[in-house]
Amino acid sequence: MDAPGTLEAAADYVERTLTSVAGEPVTRHRFPVGHRHAENLILERLGTTHPDRVVVVGAHYDTVPESPGADDNASAVAMLIETARLLAGRPSQYTLRFVAFANEESPHYDLGTMGSEHYAQHCLTDDRCVIHAMLCLEMVGYYRTEPNSQRIPPALPKFARHFLPTRGDFISAVANPRSVPLLLRFRRGFRKASRFPLLPIALPERIRDITRSDHRPFWDANIPALMLTDTSYLRNPHYHQPTDLPDTLDYERFTRATLGTAGGIAAIARMKPRA
């Protein structure tokens, strides 16, 4: 939402909660938006072997004015915070950055004022780090088991539609062709950590449905990135509606998906298994 006071209150809440569950300080990446500023929130854990290689895990913390945004995108922010908690205290070879992005939604999307756009450009000019991979969390809490509760992107070739589920009871990890090796590593880690249904899929960026979130600026910079999603408006009828409320989410499936995601992040960052 484009209400500065509300966005700042959300940022303060995310910062307090991340600091509380992770036991580590959160820094702010401030960037200009017209005559004011917005802020990305960053929790960093330095890698032990390759601290200059950075894995970014991100989720936007804004919503559209007409919606409370329980799935879009409070569910993803909750997953961001919980995976940071689950992975606390585990050394990783690569540096991990959990980032809550401002300004993913309209009127900022694709206009140069997205938090992820500013952050990706900031990292490209920072010689102290190389973004090794990015995982975008985008709407991850809505699931259905009824037949035909899952729609297929209209731009998908007809031959491919027969291979996709028609029940909305899974979470999907979406890659572009460049990001396939990252997708395979994430899949291995996810499936070791959870038996929750994961649909890993790689598609060309000309299918616009797969580009509409905070991973796109990283793809534009030729950085391998994935979007983890419950498929948004292809499943959730409450997308950008006043009815996007907490009681529409499936918390049991959401929890299982979060455990798998923590395993996928651990695999990407090359974390040691728990003793």
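Is Q121 buried, partly exposed or exposed? With a relative accessibility of 48%, Q121 counts as partly exposed, because the exposed class begins only over 50%. Keep in mind as you read that this is a predicted model.

Q121 sits in helix 3, which spans residues 115-124. Other positions in helix 3 are buried, namely G115, S116, E117, Y119, A120 and C123. The cover over these buried residues includes strand 1 (27-33), strand 2 (36-45), strand 3 (50-60), strand 4 (94-101), strand 5 and helix 6 (216-220). For a sense of scale, Q121 and T49 are separated by 72 residues in sequence, and their C-alpha atoms lie 25 Å apart in space.

Let's turn to strand 8, which covers residues 225-229. How many of its five residues are buried? The count is five of five, and the strand is described as mostly covered. Both of its faces are covered: one side carries A225, M227 and T229, the other carries L226 and L228, and all of these are buried. In a regular strand, side chains alternate between the two faces of the sheet.

Which strands pair with strand 8, and in what sense? Strand 5 (residues 130-138) pairs with strand 8 in the parallel sense, over five bridges. Within that story, E138 has T229 of strand 8 as its bridge partner. Strand 6 pairs with strand 8 too, in the antiparallel sense and over four bridges. Here A173 stands opposite L228 of strand 8.

Where is N176 found? N176 belongs to the loop between strand 6 (171-175) and helix 5 (180-193). Although a loop residue, N176 has a relative accessible area of 4% and is therefore buried, the cut-off being under 20%.

The side chain of N176 has two polar contacts to look at. One is with the side chain of S179, at 2.5 Å. Another is with the side chain of W219, at 3.5 Å. Setting aside neighbours within four places in sequence, N176 is in contact with A202, L203, E205 and W219.

## The largest pocket

If you are looking for open space, the largest pocket holds about 480 Å³. Its lining consists of 31 residues, and those nearest the centre are D209, M227, T231, S232 and L234. Strand 6, strand 7 (198-202) and strand 8 are the elements giving two or more residues to this lining. M227, one of the residues nearest the centre, is also one of the buried residues of strand 8.

By class, the lining of the second largest pocket has eleven nonpolar, six polar and two charged residues.

Terms used: Residues are numbered from 1 along each chain as its sequence is written. This is a predicted model: local features need pLDDT of at least 70, side-chain atom pairs count only at pLDDT 80 or more; totals for chains, interfaces and linings use all residues. Side-chain values use heavy atoms; hydrogens and water are left out. Buried means under 20% relative accessible area, exposed over 50%, partly exposed in between (1.4 Å probe, protein chains only). A polar contact is a pair of N or O atoms within 3.5 Å; within protein, one must be able to donate a hydrogen and the other to accept it, and residues adjacent in sequence count only if both atoms are side-chain atoms. Contact means heavy atoms within 4.5 Å. Two strands pair if DSSP finds at least two bridges between them. On a 1 Å grid over the protein atoms alone, a cavity is a set of points where a 1.4 Å probe fits but cannot get out, and a pocket is an open set with protein on both sides within 12 Å along at least five of seven lines; lining residues have an atom within 4 Å of a point. Grid points are joined across faces, edges and corners, and a volume is the space filled by probe spheres set on the points. Ala, Val, Leu, Ile, Met, Phe, Trp, Tyr, Cys and Pro count as nonpolar, Asp, Glu, Lys and Arg as charged, and the others, Gly among them, as polar.
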